[in-house]
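The sequence and the structure come first.

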Amino acid sequence: MEGDRNAIRRLMVLGAIGLAIAGGGGCETFDTSGSGDSYSYVMGEMSATESGRLPAAMEAARTVLESSGYRVGTFTRDEVNGKIDAETAQGRTARIEAEQVGLERVRIRVRVGAIGDRAESRRILDAIRLRL
């Protein structure tokens with residue numbers, strides 16, 4: 001009887017841990033502007049939706065990367081989507097993807113490194129947002 005209770009307790013603890021891990025999953029959304037705009041950080045990628053047009057967002061992204069010491073390797077853009085792949089001299093990579101999601105709304109996603117760097121991604125995204 002006591003063994004059954006201990007087994008049930010262990011299962012409950014393991015279940016709670018599993019739910020915490022699944023629910024936490026590296027996703028965090030936080031408001032920084034006071035106007036309802038927010039960042040989202042999911043699985044190493046930081047994103048935000050801003051007022052603006054895709055061409056302006058892509059040029060802002062290129063400017064931010066170049067001024068941050070990244071060398072732009074790939075720059076592609078069509079009417080709806082754009083992507084920039086860049087790398088520092090030390091081999092650190094960054095990818096910025098932008099998507100026109102409305103007439104005057106653009107979603108920007110930033111990933112630094114293979115698994116993501118929250119602080120650097122946010123710094124880059126903040127700098128892009130300032131230029132829009």
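The text below describes the fold, then the strands, the charged pairs and the core.

This is a predicted model, in which local features need pLDDT of at least 70 and side-chain atom pairs count only at pLDDT 80 or more, while totals for chains, interfaces and linings use all residues. Residues are numbered from 1 along each chain as its sequence is written, and side-chain values use heavy atoms, with hydrogens and water left out.

**Layout**

The protein chain has three helices and seven strands, in the order α-β-β-β-α-β-β-β-β-α from the N terminus. Helices (H or I, at least four residues) and strands (E, at least two) are DSSP runs, numbered from the N terminus. Of the 132 residues, 29% are buried, where buried means under 20% relative accessible area, exposed over 50%, and partly exposed in between (1.4 Å probe, protein chains only). The accessible surface is about 7900 Å², and carbon and sulfur atoms hold 54% of that surface; the areas come from the Shrake-Rupley method with a 1.4 Å probe, and for residues only the protein chains shown count as cover. Among contacts (heavy atoms within 4.5 Å) between residues at least 6 apart in sequence, 46% join residues at least 24 apart.

**Strand pairing**

Two strands pair if DSSP finds at least two bridges between them. Strand 2 (residues 38–42) pairs with strand 3 in the antiparallel sense over three bridges, and valine 42 stands opposite glutamate 45 of strand 3. The hairpin of these strands has two residues between them, and methionine 43 there has a positive phi near 45°. Strand 3 is also joined to strand 7 by six bridges, again antiparallel; alanine 48 has isoleucine 108 of strand 7 as its bridge partner.

**Salt bridges**

The whole structure holds 10 salt bridges, each a side-chain nitrogen of Lys or Arg within 4 Å of a carboxyl oxygen of Asp or Glu. The table lists some of them.

| Glutamate 50 | Arginine 129 | 2.4 Å |

Glutamate 50 forms a salt bridge with arginine 129. Glutamate 50 belongs to strand 3 (residues 45–51) and arginine 129 to helix 3 (residues 118–131), so this pair ties together parts 79 residues apart in sequence. Both residues of the pair, glutamate 50 and arginine 129, are buried.

Aspartate 85 lies in strand 5 (residues 81–87) and arginine 95 in strand 6 (residues 93–102), so the pair ties together parts 10 residues apart. Arginine 95 is partly exposed, with a relative accessible area of 36%.

A network of salt bridges links Glu45, Glu97, Glu99, Arg107 and Arg109.

**Nonpolar core**

A nonpolar core is a set of buried Ala, Val, Leu, Ile, Met, Phe, Trp, Tyr and Cys residues joined through side-chain atoms within 4.5 Å. The largest has 25 residues, and those with the most contacts inside it are Leu65, Ile96, Ile108, Ile124 and Ile128. Helix 2 gives the most to this core, with seven residues. Leaving out residues up to four places away in sequence, isoleucine 124 touches Val64, Leu65, Tyr70, Ile96, Val110 and Val112.
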